[in-house]
Amino acid sequence: MFTLDRVSKRFQGAAALDGITLAFESGRTSVLIGPSGCGKSTLLRLLIGLLLPDEGTLTFDGRPLAVASMRGLRHRMGYVIQQGGLFPHLTARDNITLMARHLGWRQEQIEPRLEVLAALTHFPADGLGRYPNELSGGQNQRVALMRALMLDPEVLLLDEPLGALDPMIRYELQEDLKQIFAALGKTVILVTHDLAEAAFLGHTIILMREGRILQIGRLAEMMDAPTEPFVEQFIRAQRNHFGP
Ligand code: ADP
Ligand code: MG
């Protein structure tokens, strides 16, 4: 679906991404994980076309990602950021349907789609008329997810979508996300810094550090055969999630 070939991105001379070569599989959930500042969000922003690489090439569906093609492609990708990024002055319904209305969808197309999405994300119908500050953090993330899914994109990019939620709500949404990803069969690329979440949601885990990829695989593979001492350290640092 996406490929990156020796992609680098620098900010003020410092490499945020340093020669990344990677392919994301269609219809699977890939999870980007690594310490804060390792380049996870930068990688997602390159995929969605919010940033351009300094070096290397990116392709989507076999074609190079270029500024010119981004406008059309953008509708084939859904994007959710950590705090949801909802417009505070719009109701949940208006946040979700903004782009569809902009593209000229008719009300008869919009309403059934909203119903499908609310059922999929377990969002109460009476919440659609509320503003983000009248909804809980978990509900707002469900709204952000519905907004990302509204145009039925092929790809879903999620940047720490559960990062700001407290543990019980987070647990609930993890369960729901897993079901949703399985039901939709879309290509999902999710960023988290929680290894248990990565292992629960991801078919493939991509462990990054300082703008590079250290290891790609399943958690068990990383535990059994770490490619570098840091992989082991990273897993050990999160051991409290897995018990003694
Ligand atoms: P992560 O999401 O893994 O925490 P980021 O991709 O946000 O990491 O950031 C990677 C590195 O690039 C960090 O050192 C960060 O400070 C830097 N960086 C990211 N975005 C910008 C920006 N717009 N301007 C300057 N530096 C940035
Ligand atoms: Mg980030």
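Predicted model: local features only at pLDDT ≥ 70, side-chain atom pairs only at ≥ 80, totals over all residues.
Good morning, colleagues. I shall begin with the overall division of the protein chain. Domain 1 comprises residues 1-31 together with 51-69, domain 2 spans 75-193, and domain 3 covers 217-244. Taken over C-alpha atoms, the centres of domain 1 and domain 2 lie 25 Å apart. Between these two domains, 13 residues of domain 1 are in contact with 13 residues of domain 2.

Let me turn to the hairpin. Strand β1, residues 2-11, and strand β2, residues 14-24, run antiparallel and are joined by 7 bridges. The hairpin has 2 residues between its strands, and Gln 12 adopts a positive phi near 45°.

I come now to the helix pair. How far apart are the axes of α5 and α6, and at what angle do these helices pack? Helix α5, residues 137-149, packs against helix α6, residues 167-184, at an angle of about 20°, and their axes are 11 Å apart. Because angles under 35 degrees count as roughly parallel, α5 is described as roughly parallel to α6. The crossing of the two helices is right-handed.

As to the residues involved, α5 contributes Gly 138, Gln 141, Arg 142, Leu 145 and Leu 149. These meet Ile 169, Glu 172, Leu 173, Asp 176, Leu 177, Ile 180 and Leu 184 of α6. Sorted by class, this contact has 7 nonpolar, 2 polar and 3 charged residues.

Thank you for your attention.

Terms used. Residues numbered from 1 in each chain as written. Chains lettered and ligands numbered in written order. Heavy atoms only, no water. Pairing = 2+ DSSP bridges. Helix = DSSP H or I, 4+ residues; strand = E, 2+ residues; numbered from the N terminus. Axes fitted to C-alpha atoms, helices over the stretch in contact; angles between N-to-C directions. Parallel < 35°, antiparallel > 145°, perpendicular 65-115°, else oblique. Left-handed = near helix turned anticlockwise from the far one by under 90°. Contact = heavy atoms within 4.5 Å. Nonpolar A, V, L, I, M, F, W, Y, C, P; charged D, E, K, R; others polar. Domains from an automatic or database assignment.
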